[in-house]
Amino acid sequence: MAESTMEARGERFLRQRQVLFLFVFLGGSLAGSESRRYSVVEETERGFLIANIANDLGLGEGELAVRGAQVVSKGNKQHFQLNHQTGDLHLREKLDREELCGPTEPCILHFQILLQNPLQVITNELHVIDVNDHSPVFFENEMQLKLLENTPPGTMIPLGNAEDLDVGRNSLQNYTITPNSHFHVLTRSRRDGRKYPQLVLDKSLDREEQPEFILTLTALDGGSPHRSGIAKIHILVLDINDNAPEFTQTLYEVQILENSPLNSVVVTVSATDLDTGNFGTVSYAFFHASEEIRKTFQLNPITGDIQLVKYLNFEEMNTYELDIEAKDGGGLSGKTTVIVQVVDVNDNPPELTLSSITSPIPENSPETVVAVFSVSDLDSGENGRIMCSIEDSLPFILKPSVENFYTLLTNTPLDRETKSEYNITITVTDLGTPRLKTQHNITVTVSDVNDNAPAFSQTTYTLRVRENNSPALHIGSVSATDRDSGANAQVTYSLLPPADPQLPLASLVSINADNGQLFALRSLDYEALRAFEFGVRAADRGSPALSSQARVRVLVLDDNDNAPFVLYPPQNGSAPCTELVPRAAEAGYLVTKVVAVDGDSGQNAWLSYQLLKATEPGLFGVWAHNGEVRTARLLSERDAVKHRLVVLVRDNGEPPRSASVTLHVLLVDGFSQPYLPLPEVAAAEARADPLTVYLVVALASVSSLFLFSVLVFVAVRLCRRSRAASAGRCSGPEGHFPGHLVDVSGAGTLSQSYQYEVCLTGDSGTNEFKFLKPIMTNGLVQDTE
């Protein structure tokens, strides 16, 4: 319990001293030194708060994270952990001062705080404070000494020393032995600071009185509480052998290259003994050598040659101190010390520690930090001097910083479309002989910036689609490419608003936003819309988005989807028109003209006419190109009075379309002959409209009552026929019947314009045409009588 209390007090004391050191070091750093020193007691638990780096550097909360703060230690082992948000610096693991620094005091761990934007390196030191966690340990738990009985008082006999891995006050401080009247012990120090005991003879020995002594040697350290180690000393009192071996040198100092081969002779020690016989025979041995010395060197007990049995490493240990004992056959011995200095050779290549790397780098960026790294070399002198380089052909440069740090930067703005990836080899070379080098490869990718707009394969596209297409028909595609990558190269297509606001573009076509395919949304009609034009935009998905435009012209191709339409005679469901032909008409007499048009174009609108049916074949003919119906021969009395003609109108499309029209022709002896409607026509009219039937009956009654008046009217009309022809109108005794001009212009496929004068008879029950008289249109006059 007391021991634990003592340990707790010592630990509190050490913590108080740690806090004191912390304030001292922080005060020194704030006073203007760029290097800060902190302290921590060894064996402190993992996660211990060393300091708040943000406060020490005067940085705000979270600024460490913004500036990419890193803790960089020499080598690959990291002892610290930095919280970027709070700025607290913690221990990553327990620290063992003896493992880190060995006997070196003070034990200093160097580390740097690396900040970027701008680049800043702050050098720091951590003082690892020793605690008394090791007891002194003797190499030999039992020592045997042989002393001549005539050894004079005051003789000092070196004893084997103990080792304490702690340092400072916690290291070995003194030696004691059990009290006795013949001996006491002195504590001596070597040049390296290690303490060793010497046994001092206080009183003359008498073998017969006491042939041996057994003493307890205690090694004490200065820690609180104290730790100790013990060894037994067995002293044999010998008969007189009055000459001990003596070395030719009390101190040997040699140098050896660290790359010396095994079994090399480092040095040969030599001792002589003036005695003769067995008392004059000398043998050599290491005197209380450490395990490391015994593994590294081998001593020939006969010749005194010290040979190398383990490869040396200057970076691990550069000095060895060997204690050699020469002993004769009588047990007397002499001692000497050999100091071996290890000479450094260039056997360590430089080391490169990469602290940070920025990849990918946006293209077109100005000077950008690509990587930050540090270099080191375990060798010393010229062997430890370093230079760095990269290839000259790369658009990068190396700039030295502080504390062997280098910065790799872009020398010129990068263009991803020219080169998207760079393999950079950093070569680190020392200045030793021979020169050693280390190469480190860094792969830097260039990220895309949206600096290229999509480009169409054509500035203008012409598409052709046949009318009457099915809805959603694929009519063509537009294509644009973007030299960028990723989202910056993903092209989206859209339609531009039409220049003509009357054009219903949204109902005509649509575009696939992903691949630029164009579709007709509805069936197109050539007769309604023969061509239309619109704009297409290709935009990428970058930020900001870039775009380009192209024009698309759609030509609607005509399809033969319209049958010919007969304008004359009219086909509106009214009573059919009856054409009157005098029996005296000559061959080629123009009976009438079938007028038709076709809504299509081109050859689909070329019309031809054909007489499909006739009451009397051969009497009438139809001109194929203009639809004129003419008599084919002279009429005779044997020809029927009423004739029915069916004329077929056909276009030139594929497949051809056609329409037919029925003509009623009535042969009359003269235009004075009363015209009676055809029975079948009157019946059709009666069936079609009852009101018409009633009207016909009423008119027939009236006609019967005024039959005489009608006959008089006909007689008067025949008398005035010539005057009516010149005056262009019809008249009678009861009044004038006005004439009506029917103008059929050159619509459709008509090649000429015609005008017909239509005169109606007063007694016509249906007001049908009485006769047709062509009027002069191009200087020609047809005889109508």
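Select Q249 to begin; this residue lies in the loop between strand 17 (246–247) and strand 18 (251–257). Helices (H or I, at least four residues) and strands (E, at least two) are DSSP runs, numbered from the N terminus. The model is predicted: local features need pLDDT of at least 70, side-chain atom pairs count only at pLDDT 80 or more, and totals for chains, interfaces and linings use all residues. Residues are numbered from 1 along each chain as its sequence is written, and side-chain values use heavy atoms, with hydrogens and water left out.

Is Q249 buried, exposed or partly exposed? Its relative accessible area is 38%, so Q249 is partly exposed; buried means under 20% relative accessible area, exposed over 50%, and partly exposed in between (1.4 Å probe, protein chains only). A polar atom of the Q249 side chain lies 3.1 Å from the backbone oxygen of L251.

Next, select D323, which is placed in strand 24 (residues 319–327). D323 counts as buried because its relative accessibility is 15%. The side chains of D323 and T337 are joined by a polar contact of 3.2 Å. A polar contact is a pair of N or O atoms within 3.5 Å; within protein, one must be able to donate a hydrogen and the other to accept it, and residues adjacent in sequence count only if both atoms are side-chain atoms. Leaving aside residues up to four places away in sequence, D323 touches R190, A285, F286, F287, T336 and T337. Contact here means heavy atoms within 4.5 Å.

Two strands pair if DSSP finds at least two bridges between them. Strand 1 and strand 7 (residues 120–129) run parallel and are joined by six bridges. Select V41 to find I129 of strand 7 standing opposite.

E43 is in the loop between strand 1 and strand 2 (49–52). Its phi is near 70 degrees, a positive value in a residue other than glycine. E43 counts as partly exposed, at 32% relative accessibility. N117 lies in the loop between strand 6 (107–115) and strand 7. N117 is not a glycine, yet has a positive phi of about 55 degrees; at 62% relative accessibility, N117 counts as exposed.

Cis peptide bonds come next. Select S224 and P225, which are joined by a cis peptide bond with omega about 5 degrees. P225 is in the loop between strand 15 (212–221) and strand 16 (228–238). Then go to T433 and P434, where the peptide bond is cis with omega near -5 degrees. The loop holding P434 runs between strand 32 (421–430) and strand 33 (437–447).

Finally, display the whole protein and colour by pLDDT, the predictor's confidence in each residue, from 0 to 100. The mean pLDDT is 80, and 81% of residues reach 70 or more. Over residues 12–33 the pLDDT is below 50, and this stretch has 27 contacts in the model beyond near neighbours in sequence. The protein has ten helices and 56 strands, and 42% of its 785 residues count as buried.
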